[in-house]
Amino acid sequence: MSEPKPQKDAYRLILEAIDTGVYRPGDRLVESELADRFGVSRTPIREALQRLETQSLLSRDGRSLIVASLDHNQLSELYAVRAELEGLAARLAARHASKEEVSLLREMVEEDRALVDDPAALSRANRRFHKQIHLASHNRYLVQQLEMVHRTMALMATTSLAAEGRGVDALAEHDAIVSAIAAGDEQRAGDALKQHISKAFTTRLKLDSRNINRLG
């Protein structure tokens, strides 16, 4: 007798599609289309959509559900929370990270240098790098909170790494963060990561400002 196929997680499938840009802010999500795309029945799709709406990743447009977008105030609030939580993760990583975890972070920075001309690939690598710092904090509750923050980050239509020169600067900032973690310097690690997030936010504001000017 053959083994039963594992049930696909509709929530994770839709979340990943939003995270990778398959569905972008403003896109309408239709149960039947999602069921066909992912090969899942409509009931788990419906439950997943309800869950995503509860988490404010989807919003209502009449009777339709669309991928939510972030206004300026929401963006500011998100980056403020992210900076504090990421800074804490870096401080804890400086205290708790194993030599193997530090070695992996160093490898990530070196490997990511080859991606500076590919913003989409660098953005994916950036998420992996930050996730590794979260894990190196060895605090499960902090990791859970940061997962929620990074889910919401997926609602941003563009990556700040697309700005000219930002990729090179971001990798230099990553290098400084890893050096502080490797040295066990909690204060420097936390400050370096918070400054990194602040620079990313400033870059994003500049990008958004240029887009508004073009529309105007």
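Okay, some ground rules. The model is predicted, so local features need pLDDT of at least 70 and side-chain atom pairs count only at pLDDT 80 or more, while totals for chains, interfaces and linings use all residues. Residues are numbered from 1 along each chain as its sequence is written, and side-chain values use heavy atoms, with hydrogens and water left out. When I say helix, I mean a DSSP run of H or I with at least four residues, numbered from the N terminus, and strands would be runs of E with at least two.

Let's start with helix packing. Two packed helices are described by the angle between their axes and the distance between the axes. The axes are lines fitted to C-alpha atoms, for helices over the stretch in contact, and the angles run from 0 to 180 degrees between N-to-C directions.

Look at α1, residues 10-19, and α3, residues 42-54: they pack at about 55°, with axes 8 Å apart. The two are therefore oblique to each other. For the labels, under 35 degrees is roughly parallel, over 145 roughly antiparallel, 65 to 115 roughly perpendicular, and the rest oblique.

Who does the touching? From α1 we have Ala10, Tyr11, Ile14 and Leu15, and from α3 Pro44, Ile45, Ala48, Leu49, Arg51 and Leu52, where contact means heavy atoms within 4.5 Å. By class, that is nine nonpolar residues, no polar ones and one charged. Nonpolar covers Ala, Val, Leu, Ile, Met, Phe, Trp, Tyr, Cys and Pro; charged is Asp, Glu, Lys and Arg; the others, Gly among them, are polar.

Next pair: the axes of α6 and α8 come within 12 Å and cross at roughly 15°. That makes α6 roughly parallel to α8, and this crossing is left-handed. On the α6 side the contact has Leu122, Asn126, Phe129, His130 and Ile133, and these meet α8 residues including Gly167, Leu171 and His174.

Keep those names in mind for the cavity. A cavity, on a 1 Å grid over the protein atoms alone, is a set of points where a 1.4 Å probe fits but cannot get out; a pocket is an open set with protein on both sides within 12 Å along at least five of seven lines, and lining residues have an atom within 4 Å of a point. Points are joined across faces, edges and corners, and volume is the space filled by probe spheres set on them.

There is one cavity of 30 Å³ or more. Its lining is Leu122, Asn126, Leu161, Gly167, Ala170, Leu171 and His174, and α8 gives the largest share, four residues.

The largest holds about 600 Å³, and among its 31 lining residues, Ser123, Arg127, Met156, Thr158 and Thr159 are closest to the centre. Which helix gives the largest share of that lining? It's α6, with seven residues.

The second largest pocket is about 490 Å³. Of its 14 lining residues, Asp19, Arg127, Lys131, Glu147 and His150 are closest to the centre. Here too α6 gives the most, with five residues.

Technical notes:
A crossing is left-handed if the near helix is turned anticlockwise from the far one by less than a right angle, and right-handed if clockwise.
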